[in-house]
Amino acid sequence: GVELDLIGDTSITNEPELFARCNAMADGKQIRIVGAVPRSEAVWWYSQAHAFLHCNKLFREPFGLAPVEAMACGLPVIAFDNGAMRETIRDKVSGVLVDSFADLVNAIKEMVSKWIRNLPNDREGCREQASKFSVQNMVNRYEELCREAIEGGDW
């Protein structure tokens with residue numbers, strides 16, 4: 001009972017079977033395949049959505065730029081609890097981490113229930129979490145780690 005816009009492709013995850021299954025389910029109304037879009041257009045999609053689904057069940061994302069971009073736009077992320085998602089998503093604050101497809105479906109149902117009751121998403125919590133990964137914060141942290149390594153010698 002939820003509309004789903006599928007943005008992106010399989011160029012990173014290399015899961016053509018998943019893409020084929022999604023294509024087979026797409027009806028152009030409830031489930032739409034948009035495909036790859038430029039980063040500038042992604043912001044528009046994030047602004048229209050209620051949640052960002054990052055179905056990274058097989059692919060152990062080493063960072064996950066798209067989920068962080070979504071959170072920067074105030075969009076909560078639902079993702080599998082693996083790879084960098086554990087570090088980039090703050091569970092129950094900037095999104096939901098799940099362990100199975102059943103958990104994923106339940107997380108979607110919970111979010112839909114909130115939308116129906118007009119309960120606000122914590123969009124500011126999403127933005128705050130994403131800000132931890134700003135260029136300046138990342139540079140500062142790398143400098144700290146390098147300083148630790150040089151001064152401490154026990155890195």
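This is a short tour of a predicted model, stop by stop.

Two ground rules first. Residues are numbered from 1 along each chain as its sequence is written, and side-chain values use heavy atoms, with hydrogens and water left out. Because the model is predicted, local features need pLDDT of at least 70 and side-chain atom pairs count only at pLDDT 80 or more, while totals for chains, interfaces and linings use all residues.

**The whole chain.** Start with a cartoon view. You'll find seven helices and five strands (DSSP runs: H or I of at least four residues for helices, E of at least two for strands, numbered from the N terminus). From the N terminus on, the order reads β-α-β-α-β-α-β-α-β-α-α-α. The C-alpha atoms fill a box of roughly 60 × 35 × 30 Å along the principal axes. Of the chain's 155 residues, 30% count as buried; buried means under 20% relative accessible area, exposed over 50%, and partly exposed in between, with a 1.4 Å probe and protein chains only.

**Helix α3.** Now select residues 65-72, which make up α3. Its buried residues are Ala66, Pro67, Val68, Ala70 and Met71. What covers them? Show α2 (39-48), β3 (52-54), β4 (77-80), α4 and α6 (123-131), which are all included in that cover. Then step past the helix to glycine 74, where phi is positive, near 85°.

**Threonine 88.** Next, go to helix α4, residues 85-88, and pick threonine 88. This residue counts as buried because its relative accessibility is 1%. Leaving out residues up to four places away in sequence, threonine 88 touches Phe63, Val68, Met71, Ser94, Gln129 and Phe133 (a contact means heavy atoms within 4.5 Å). Val68 and Met71 also belong to the buried set of α3.

**Aromatic pairs.** Rings of Phe, Tyr and Trp (its six-membered ring) pair if their centres lie within 6.5 Å; planes under 30 degrees apart are stacked, over 60 edge-to-face, and the rest tilted. The count comes to four aromatic pairs. Tryptophan 44 is partly exposed at 47% relative accessible area, whereas tryptophan 45 is buried at 18%.

For your last stop, show phenylalanine 80 and phenylalanine 101, also edge-to-face, at 5.1 Å and 75°. This pair links distant parts of the chain, 21 residues apart: phenylalanine 80 sits in strand β4 and phenylalanine 101 in helix α5 (residues 101-116). Is phenylalanine 80 buried or exposed? Buried, since its relative accessibility is 2%. Phenylalanine 101, at 48%, counts as partly exposed.
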